[in-house]
Amino acid sequence: MHHTLSVTVQDKPGVLARVASMCALRGFNIRSLAVGPIHQPGLSRITLVVDDVAVEQVTKQLHKLVNVLKVSELDPNDSLEREVMLVRVSADPGIRREVRDTAEVFGATTIDVGAKTVTFELCDHPQRLSDFLALIGHYGVVDLVKSGRIAMARDAKAKTKAGTEQ
Amino acid sequence: MPKMSGAAVLIKSLEYEGVEVAFGVPGGAILPAYDPLLDSPIRHVLARHEQGAGHMAEGYAHATGRVGVVIVTSGPGATNIMTPLQNALMDSVPIVAITGQVALSSMGNDAFQEAPTTGMAMHCTKHTFLVTDANEICDVVHQAFHLASTGRKGPVLIDIPKDLLVTEIEWHEPGPVDLPGYKPSRAGHSRQIERAIDLIMEASQPVLYVGGGIIAAGASEELLQFAEALDVPVTTTLMARGAFPDAHRLAMGMPGMHGTYTAVTAMQEADLLIALGTRFDDRVTGNPATFAPGAKVIHVDIDPAEIGKVRNPEVPIVGDVRVVLEQLVSALGVRLGDESLPDRSHWLETIAGWQAKYPLSYQQEPDGPVKAQYVIEQLLEATGGDCIVVSGVGQHQMWASQFWSFSKPRTWINSGGLGTMGFAVPAAIGAKVGMPDELVVAVDGDGSFQMTFQEMVTASTEKVPIKVVLINNGGHGMVRQWQTLFYGRRYSATDLSGDSPNYAALAEACGWVGMMVETPDDVGPALRKMLSTNDRPVLLEIRTDPDEMVWPMVPAGGSCSDIALGPEDL
Ligand SMILES: Cc1ncc(C[n+]2csc(CCOP(=O)(O)OP(=O)(O)O)c2C)c(N)n1
Ligand SMILES: [Mg+2]
């Protein structure tokens, strides 16, 4: 099991290094990390995915960092999680149509077409990315890149409406 | 307003924070700051090595409770203070380190004497600042002092590029501290206080397990009141020696690897540990899985990350331990209005029985080699215990902690968490600078002493008349002890050729009084002579038994229930 932590930090030089290397030095395995500014000026959010064992200590150690303002753990059942993936698969002109049809089912966008390959972009829940990859992988993955995970707690009101949307 | 240099602003900022002394070594990048220092009321103590300057700042902070300041240059100056920074982090000592840095425009270019100072110090400080605008200097200094001296105290580093020190700016008073991510709690949660009292009222074999947090928080009075109100025995960790008077009927001495039989066993047998400002260090717990197996735990600490790190407490209380103790005492007062404490006389009798049966002990033969423990006892007698004891790291440190009888806080200064050899001489200098009217005696080992003895020169030139009692057992005694016990007496690299250097001559060469004795009878008179010499620092070398070992002992990672009173128990 893993845990997703949403960490609000001050945009100060070295803050990402502090977070990442504190985790490394204390032996907390980071599975994924994504960082970017938020709507409030001077603040950024780091989304961290860490292993189960460590979560309480990670949270407390993160709080000890002076530039960390807030740490919240996001319950996977109660949060919106996204990753972006770019994947290039072999697709000779003869099967290109078929490959693209498969991708379309997942809502992946074709962003590049070469002589023997097609490149898709998919931004979705991490599980959907894995499912997509399992399928499209049959055609032969030539290259692949994934972003770190970003996540946000579900809005309490929207939750009942959206049900269990992933 | 007239303009002044960033360097002048820096020094004025230190004055604004109430700094009276700074320890340091100058150099290229920090040079501009040393000029306004000449006109400042701040005393500068010129150390002979930056590590020494850092430990001096620590010794000063330990002894006075105020923030110690160390100023060094970039590159090698900065790398040389990493040991004191980590030492201060482990022992929660409030110091502010100011490092010069190469000019902003040169940073990252491998410029002369450039080192990645904030990167190196990132994990051995509470926080680091890299100043990138001269106008920030006074606010950064203000924040650094705030961080160092509040919450869980610790080291803070400010790295200042040289060009900012020569930039002309206007002085302004620092604004209010703006650290939205830093809000240490003071009071404990009232529900947890009540739950703690519940456990205390139920416990039949409670122990107060007290750490350095009590000293940092200035909570000794409150601790005494609390312990007496409850009639609970107290053990003080290596960092907490002096937090509770050793002569008190409830005092059990030190716990852990070289703790007293009584303290170690009482924790193993306890049904409740009241852990105050302490962190369940492995030197205290041995194997944590077998530590205090039957005890529920109330853990009070100002650092939430310490709670549950090693041991999950039944009652976690985050707060300043002094405030929490006040809360506990008043909650207890209310509760004792209609309830009474359980009868714990049996527990106290059991403890008294252990104390009588298994006291700390050693054998001093009248014609045999001097035992270090005997030296400590003689020193205690000669001083009446009225002094600040500073120590190095090794057997002598354990013996000093074991055989001294502490009566008040801030009279025991040592390197606990990091175990830094070389700490004693510079830390003693810092302590004496901060407390010039107190007698300051460093009990040092020959190995530890040789790591920083150049600071003897600092002591004499700066007229800081400390005393050093050098326990010369001719080697790295503590390591040798492990080789004796666990490596079949194969002594690898632990012999320090006991007669070289000639310590007394070395001391004399540094402007000290140097003396040496090697028989038990000479120890007392030599100590008294040392104590009556106050115009200069004094070093008294005492040749001691190289084979003597520290007991009791809980082997590293072993169970505290298997505490050994001597080699036959291992
Ligand atoms: C800087 C440093 N290096 C190495 C050690 C490992 N070490 C721990 S105790 C010790 C020997 C200490 O010798 P001495 O100061 O003479 O004290 P003794 O044990 O002989 O009393 C050593 C080498 C250490 N603690 N610190
Ligand atoms: Mg020695």
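Predicted model: local features only at pLDDT ≥ 70, side-chain atom pairs only at ≥ 80, totals over all residues.
Me: Where should I start with chain A: how many helices and strands does the chain have?

Reply: Chain A has five helices and nine strands. Read from the N terminus, the elements follow the order β-α-β-β-α-β-β-α-β-β-α-β-β-α. The C-alpha trace of chain A spans about 60 × 40 × 35 Å along its principal axes.

Me: What share of the residues in chain A is buried?

Reply: Of the 166 residues in chain A, 40% are buried. Contacts can be read by their separation in sequence as well. Among contacts in chain A between residues at least 6 apart in sequence, 71% join residues at least 24 apart.

Me: How do I read two packed helices?

Reply: Two packed helices are described by the angle between their axes and the distance between the axes. In chain A, take helix α1 (residues 15-25) and helix α2 (residues 55-64): their axes come within 11 Å and cross at roughly 140°. That angle makes α1(A) oblique to α2(A). The crossing of the two helices is right-handed.

Me: Which residues of α1(A) and α2(A) meet?

Reply: From α1(A) come V19(A), M22(A) and C23(A), and they meet V58(A), Q61(A) and L62(A) of α2(A). The residues of this contact divide into five nonpolar, one polar and no charged.

Me: Is α2(A) mostly covered or mostly open, and which of its residues are buried?

Reply: Helix α2(A) is mostly covered, with seven of its 10 residues buried. These are V55(A), Q57(A), V58(A), T59(A), K60(A), Q61(A) and L62(A). The cover over the buried residues of α2(A) includes α1, together with β1 (2-10), β3 (43-51) and β4 (68-74) of chain A.

Me: What is the idea behind a salt bridge?

Reply: Side chains of opposite charge can pair when their charged atoms come close. Over all chains, the count comes to 29 salt bridges. One of them joins the side chains of E81(A) and R149(A), at 4.0 Å from N to O. This pair links distant parts of the chain, 68 residues apart: E81(A) is in strand β5 (residues 79-90) of chain A, while R149(A) is in the loop between β8 (141-146) and β9 (150-153).

Me: Are E81(A) and R149(A) buried or exposed?

Reply: E81(A) has a relative accessible area of 4% and is therefore buried, the limit being under 20%. R149(A) is buried as well, at 11%.

Me: What does a salt bridge within chain B look like?

Reply: E222(B) forms one with R322(B), and their closest N and O atoms are 3.8 Å apart. E222(B) is buried at 12% relative accessibility, whereas R322(B) is partly exposed at 28%.

Me: How far apart in sequence are R249(B) and D231(B)?

Reply: The side chains of R249(B) and D231(B) meet in a salt bridge of 2.9 Å, N to O. R249(B) lies in the loop between β10 (234-236) and α12 (261-269) of chain B and D231(B) in the loop between α11 and β10, so the pair ties together parts that are 18 residues apart in sequence. R249(B) is exposed, with 56% relative accessibility, and D231(B) is partly exposed, with 27%.

Me: Which residues are linked in a network of salt bridges?

Reply: The network links K64(A) with R152(B), D303(B), E306(B) and K309(B).

Me: How do I read the surroundings of a single residue?

Reply: Start with its element, then its accessibility, then its neighbours. T262(B) is in helix α12 of chain B. Its relative accessible area is 3%, so T262(B) is buried. Leaving aside residues up to four places away in sequence, T262(B) touches M252(B), I351(B), W354(B) and Q355(B).

Me: How far apart in space are R528(B) and L379(B)?

Reply: Their C-alpha atoms are 8.5 Å apart, although R528(B) and L379(B) are 149 residues apart in sequence. R528(B) lies in helix α23 (residues 520-532) of chain B. At 45% relative accessibility, R528(B) is partly exposed.

Methods: Residues numbered from 1 in each chain as written. Chains lettered and ligands numbered in written order. Heavy atoms only, no water. Helix = DSSP H or I, 4+ residues; strand = E, 2+ residues; numbered from the N terminus. Buried < 20%, exposed > 50% of the residue type's maximum accessible area, 1.4 Å probe, protein only. Axes fitted to C-alpha atoms, helices over the stretch in contact; angles between N-to-C directions. Parallel < 35°, antiparallel > 145°, perpendicular 65-115°, else oblique. Left-handed = near helix turned anticlockwise from the far one by under 90°. Contact = heavy atoms within 4.5 Å. Nonpolar A, V, L, I, M, F, W, Y, C, P; charged D, E, K, R; others polar.
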